[in-house]
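This report covers selected features of secondary structure and domain packing. The sequence and structure are shown first.

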Amino acid sequence: MTIQQTLNSFRTGPDETGHFGNFGGRFVAETLMPLILDLEKAYTEAKADPAFHAELTSFHTHYVGRPSPLYFAERLTEHVGGAKIYLKRDELNHTGAHKINNVLGQILLARRMGKTRIIAETGAGQHGVATATACARFGLKCVVYMGAVDVERQKPNVFRMRMLGAEIVPVVSGSKTLKDAMNEALRDWVSNVEDTFYCIGTSAGPHPYPMMVRDFQSIIGKEAREQMLEREGRLPDSLVACIGGGSNAIGLFHPFLDDASVAIYGVEAAGHGVASGAHAASLNGGRPGVLHGNRTYLLMDADGQIAEAHSISAGLDYPGIGPEHAWLHDTGRVTYLSTTDSEALEAFQLLSKLEGIIPALEPAHAIARAVEIAATKPKDHLMIVNLCGRGDKDIFSVAEHLGGME
Amino acid sequence: MTTRIDTRFATLKAEGRAALVTFVMAGDPDHATSLDIIKALPKAGADLIEIGMPFTDPMADGPAIQAAGLRALANGETLHSTIDLVRAFRASNAETPIILMGYFNPIYIYGVESFLKDAKDAGIDGLIVVDCPPEEDDELCKPALKAGLNFIRLATPTTDEKRLPKVLSNTSGFVYYVSITGITGSATPDFSKVATAVARIKAHTHLPVAVGFGVKTAADASAIAKGADGVVVGSALVEAVRKSLDADGKSTAKTIGAVTTLVSEIAAGVRAVKK
């Protein structure tokens with residue numbers, strides 16, 4: 001905690017070279033370097049342009065359905081018997097998750113830059129669906145890279161993306177999952193530098209992506225802050241969000257990072273348990289390395305070869321994490337916990353039965369730890385859990401794990 | 001400081017021809033066979049040798065080199081054993097420059113300082129690390145130069161006039177011009193554009209310029225040798241290795257010959273061009 005005391009603010013990162021402390025950076029091939037420098041310039045200009053923000057806000061209001069409600073989960077709170085639990089309901093957004101917040105920002109930016117072809121990577125398919133949706137809305141060509149393994153296990157989302165007019169490219173290289181989809185999207189970008197915009201789905205990748213995605217997702221935290229002040233007349237005491245790459249979490253956390261009274265918890269996917277080796281908990285079970293353009297915590301072997309992640313949730317199944325989380329972990333500002341597959345399945349059922357809200361498996365990881373933390377807190381403790389996605393996409397795989405729908 | 005790379009390019013310039021730079025993957029299809037391949041390369045006509053350091057996530061490589069890396073990893077190749085490979089090669093060859101090419105993470109995990117020391121001791125002359133652009137020079141480039149290794153940078157069609165000086169600033173040994181915007185092994189470059197691009201780079205540097213990406217035949221090599229100081233061939237050699245393997249992916253009696261035959265053909269293409 002000594003580092004924390006010497007910092008004036010946790011909200012000023014990254015520095016001009018794209019680093020959050022020692023993390024982040026721009027570890028990309030030379031072909032891409034001019035492209036990410038262009039992107040940084042275009043984003044800096046857009047960020048300072050009120051017309052850009054006005055357009056984005058208009059789409060948030062009329063297309064996405066923002067602000068998303070801050071909902072007091074009364075029965076869950078009664079059940080736990082501790083802190084007062086609020087849910088930030090980004091699962092009510094158009095397309096069913098927080099992903100659309102970031103995609104709309106990036107697609108509006110791509111249009112400003114005159115790009116006509118959008119590429120994206122996707123794991124569970126939520127970012128792919130959001131990207132395909134925005135591309136349909138703006139008449140842009142959309143190509144989504146998806147690991148062949150994920151194409152098989154996320155069929156409804158594959159169908160959705162095709163309905164929206166996107167081309168799905170199943171990736172058969174490497175481990176055929178999200179990290180390989182990202183490799184393949186980068187290869188596409190290297191090959192199509194003129195007309196193509198790479199819409200990254202999480203707060204990772206080379207600078208400026210981690211910063212840009214965080215900024216677009218920070219609408220979650222900004223709204224939550226105002227809503228809590230309005231409802232309770234004060235800031236929350238704690239925040240809880242799940243982490244794969246970490247975009248929903250950084251979106252909720254960032255506006256609160258300098259409020260020392262707010263305890264912040266990120267929840268990684270522990271799969272079969274961090275000790276088992278079959279997990280996706282980069283901070284709790286990995287170490288710093290360099291992949292996909294940035295230095296961050298990664299799962300890897302002793303030779304620096306990237307390991308496969310495991311999680312019941314395809315959206316958390318990534319062997320890295322956004323660089324800002326790596327820095328918030330090392331500085332101690334955010335506490336990173338983890339939830340196993342079976343704990344997430346229990347939380348999935350708990351929230352469904354008590355609140356009539358079927359969460360995605362990703363935020364079910366956050367719910368599992370939130371319930372545990374809330375139980376140790378007094379009744380006037382205010383907690384916000386980010387409900388970043390709805391569970392429709394997961395019902396079949398959950399049914400399989402629970403042994404049927406009866 | 002003069003390295004084996006500097007000496008080799010100077011000698012070939014005096015001879016009036018371009019250099020043939022050959023790329024093979026360390027440990028592909030297995031450690032012992034890849035050592036035999038590398039040992040056979042100079043006699044087949046390779047002037048410089050690039051050795052790929054296998055990595056699980058080679059984001060700038062096409063299917064051929066991706067697959068070669070995975071074959072090597074499946075057979076237990078590591079960065080330590082790749083350095084051993086060069087040490088073993090050096091026991092019988094003191095002249096041919098050796099360049100390791102790959103991605104930063106295995107080096108970062110090895111530890112930059114120990115890696116540079118071990119690489120230098122083993123007789124490695126230069127490094128090409130795809131995901132270390134000038135913006136990250138403090139990470140590896142500057143320490144490598146300090147350790148007496150060449151740091152060879154990639155320049156691409158997207159590297160414009162404004163950016164070239166930055167790319168060339170801490171480059172040594174030679175400049176590797178990537179002739180297409182794309183991944184390794186993908187398309188055949190437009191040779192007329194290559195010569196113009198090489199001239200553009202040479203206006204900014206005295207370093208030799210080698211051109212790669214997309215070279216498959218002796219004719220490709222001749223076309224590039226006309227305008228460049230070196231011709232790099234990689235994916236085609238790696239494919240020759242793959243095609244020589246048996247159904248279980250093991251090397252056969254044909255493996256080494258498959259590579260050396262192709263290298264000899266391409267070397268003839270390079271040497272046919274007098275400068």
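The text below treats a sheet and a helix of chain B, then the domains of chain A.

The model is predicted.

**The sheet of chain B**

Chain B has an open sheet of 9 strands with parallel pairing, in the order S5-S4-S3-S2-S1-S9-S8-S7-S6. Its edges are strand S5 (150-151) and strand S6 (153-155) of chain B; each has a single partner strand, so one side of each is left without a neighbour in the sheet. In general, strands of a sheet pair through backbone hydrogen bonds, either parallel or antiparallel.

| Pair (chain B) | Sense | Bridges |
|---|---|---|
| S1 (residues 19-25) and S2 (residues 48-52) | parallel | 5 bridges |
| S7 and S8 | parallel | 4 bridges |
| S8 and S9 (residues 230-233) | parallel | 2 bridges |

Individual bridges can be named for these pairs. B:Val24 has B:Ile51 of S2(B) as its bridge partner. B:Tyr177 is bridged to B:Val211 in S8(B), and B:Ala210 has its partner, B:Gly230, in S9(B).

S8(B) is covered on both faces: B:Val209 and B:Val211 are buried on one side, and B:Ala210 and B:Gly212 are buried on the other.

**Helix H9 of chain B**

Helix H9 of chain B has 12 residues (191-202), which at 1.5 Å a residue should span 16 Å; the end C-alpha atoms lie 17 Å apart, in agreement with this. Which residues of H9(B) are buried? They are B:Val194, B:Ala197 and B:Val198. Seen down the axis of H9(B), these buried residues fall within an arc of 100°, so they line one face of the helix. An α-helix has 3.6 residues a turn, so residues three or four places apart point the same way. On the other side of H9(B), the exposed residues are B:Ser192, B:Thr196 and B:Ala199. The cover over the buried residues of H9(B) includes strand S7 (175-178), strand S8 (209-212) and helix H10 (218-225) of chain B.

**The domains of chain A**

The domain assignment of chain A gives domain 1 (21-60 + 99-213) and domain 2 (65-96 + 217-402). Their centres, taken over C-alpha atoms, are separated by 22 Å. In the contact, domain 1 of chain A and domain 2 of chain A take part with 36 residues each. Elements giving two or more residues to the domain 1 side include strand S2 (23-27), helix H5 (99-112) and helix H6 (126-138) of chain A. S2(A) gives the most to that side, with 5 residues. By class, the domain 1 side has 14 nonpolar, 17 polar and 5 charged residues.

How values were computed. Residues are numbered from 1 along each chain as its sequence is written. Chains are lettered from A and ligands numbered from 1 in the order in which they are written. This is a predicted model: local features need pLDDT of at least 70, side-chain atom pairs count only at pLDDT 80 or more; totals for chains, interfaces and linings use all residues. The expected span of a helix is 1.5 Å times one less than its number of residues. A residue is buried if 20 or more other C-beta atoms lie within 10 Å of its own, exposed if 12 or fewer, and partly exposed in between; C-beta atoms are placed from the backbone. The arc is that of the directions from the helix axis to the C-beta atoms. Two residues are in contact if their C-beta atoms, placed from the backbone, lie within 7 Å. Domain bounds come from an automatic or database domain assignment. Ala, Val, Leu, Ile, Met, Phe, Trp, Tyr, Cys and Pro count as nonpolar, Asp, Glu, Lys and Arg as charged, and the others, Gly among them, as polar. Two strands pair if DSSP finds at least two bridges between them.
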